[in-house]
Amino acid sequence: MDKLRIYVKGGDGGGASLAQGSVGGAGSDVFVVANKTVDMAEIYTDFPTLKFVGGEGIRPYGEDLRGIKGNDLNVYVPPGVIIEDDYGYVLGEVARHGDRFLVSRGGQGWTAARSRVAQQVEGHHVILNLKTVSDIGLIGFPNSGKSTLFKAISDGMPKIDSHPFTTIFPELGTIDYSDGHTHAVVDLPGLMKGADERIGCGDHFLKHIENSKLLLFLVDLHGFQLSSNHPHHSPIQMIIELNKELEKYSENLLDKPCLLVLNKTESGDAQDQVLLTTQEQVQNIEKIVSELDPFLDRTPNNVVKFDETFVISAKSGYNVDYLKERLHHWLSIYYGNEEDPQTDNEDEQSLDIPVF
Ligand SMILES: Nc1nc2c(ncn2[C@@H]2O[C@H](COP(=O)(O)OP(=O)(O)OP(=O)(O)O)[C@@H](O)[C@H]2O)c(=O)[nH]1
Ligand SMILES: [Mg+2]
């Protein structure tokens, strides 16, 4: 579940006594607030009506001439939620834990000067569109070993199976380093030729790497064949297909730094001919792409460039620790040793989730 349409309405302004010249309290404001302990499904489970209506402003009491403003109503969402209107227009974003965005302002309270009637607020709908925030996005054909690697380097607990399309929903995990750094990594469903035409799991899930800082392409060195009725893809063909699918989804995705992992190379077969051929083809990928038939619509315009290629076995662990260290290295080369984005702007205390 990565999209929800909710109804929001700030609280109406509070009433007051005209005779005393008092002022009613303003109604509650409604905010969308990012909290990393929340997931989208929880919002739906906890608030099945998906209606968030702020409380009315409080009428002045006793000697007081000023009413009290209603408490803010916070709608807690996972970090990375884009707030859109019904036409897809982006109203705002809560990218990091603690970010908040006002979605409906409470009405002003009644004052004799302003109006005899406290302001009533009109409700409206907004779409909460989750785009996961991660440092590293895992891209690969089905069955290439993405989830196996994800499990080996992070605290994620994915399903792993020998059939394609085991991962259906993106999953976020944290990679811990001995120096205290952490990086968020997202495991995705398999991407394959024709994903933009909804083949396989489609390409909709690629929105979850729009925020990633680095893309890790994972390729099974044995190639991929969906079934005996489908063509076999060599590793270089898969890389070019992934390149094309990413580009079709959004040209900007390939502006991110990319690294390549050749998986399922148990240490014994490091001299394998397929490995040597693939490494050579990766070095000459521009030339190989330039020789493809441009009319086939499978020729990328913007050819992916890998900063480093790794030869690993996610299953046996061969070279996995090395890859993990290099991920940290490349992220610090590109982005410096900035604060861990997951702990930035963190103020757990102020984010205690109240029970409504
Ligand atoms: N021999 C070998 N098998 C591996 C290796 N890594 C993964 N596998 C196997 O490959 C199969 C697919 O692994 P997954 O991790 O589920 O692959 P995936 O890319 O997440 O697949 P989808 O979720 O379907 O896209 C499983 O049977 C794994 O055990 C490896 O390094 N060597
Ligand atoms: Mg998987």
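Author: What follows describes that sheet, the helices and core around it, and then the ligand shell and a second sheet.

This is a predicted model, in which local features need pLDDT of at least 70 and side-chain atom pairs count only at pLDDT 80 or more, while totals for chains, interfaces and linings use all residues. Residues are numbered from 1 along each chain as its sequence is written, and chains are lettered from A and ligands numbered from 1 in the order in which they are written.

The sheet is open and has six strands in the order β10-β11-β9-β12-β13-β14, with mixed pairing; strands (E, at least two residues) and helices (H or I, at least four) are DSSP runs numbered from the N terminus, and two strands pair if DSSP finds at least two bridges between them. Because β10 (171-176) and β14 (306-311) each have a single partner strand, they stand at the edges, and one side of each is left without a neighbour in the sheet. On average, neighbouring strands are turned by 25 degrees against each other, direction ignored. Within the sheet, β9 (residues 136-140) and β12 (residues 214-220) pair in the parallel sense over five bridges, and G137 stands opposite L215 in β12.

Across β9, β12 and β13 (258-263) lies helix α3 (residues 235-249), which runs at about 145 degrees to β12; axes are lines fitted to C-alpha atoms, for helices over the stretch in contact, and angles run from 0 to 180 degrees between N-to-C directions. Contact here requires that the C-beta atoms of two residues, placed from the backbone, lie within 7 Å. The axes of α3 and α4 (residues 273-283) come within 9 Å and cross at roughly 35 degrees, and their contact is made by P235, I236 and I239 of α3 together with T278, Q281 and V282 of α4.

The largest nonpolar core has 46 residues, of which L138, I139, L216, F217, L218, V219 and V261 touch the most other members. Such a core is a set of buried Ala, Val, Leu, Ile, Met, Phe, Trp, Tyr and Cys residues joined through C-beta atoms within 7 Å, where buried means that 20 or more other C-beta atoms lie within 10 Å of a residue's own, exposed means 12 or fewer, and partly exposed lies in between, with C-beta atoms placed from the backbone. Helix α3 gives the most to this core, with seven residues. Leaving aside neighbours within four places in sequence, V219 is in contact with residues including G140, P235, M238, I239 and V261. By contrast, I288, found in helix α5 (residues 285-290), is partly exposed, with 16 other C-beta atoms within 10 Å; beyond residues up to four places away in sequence, I288 touches I236 and Q281.

Around ligand 1 there are 22 residues, of which G145, S147, T167, G190 and K315 come nearest, a residue being near if its C-beta atom, placed from the backbone, lies within 6 Å. Helix α2 (residues 146-153) supplies the largest share of this shell, three residues.

Elsewhere, three strands form an open sheet in the order β4-β2-β7, with mixed pairing. Its edge strands are β4 (73-77) and β7 (100-104), each pairing on one side only. Strand β2 (residues 30-34) pairs with β4 in the parallel sense over five bridges, and L73 in β4 is the bridge partner of V30.
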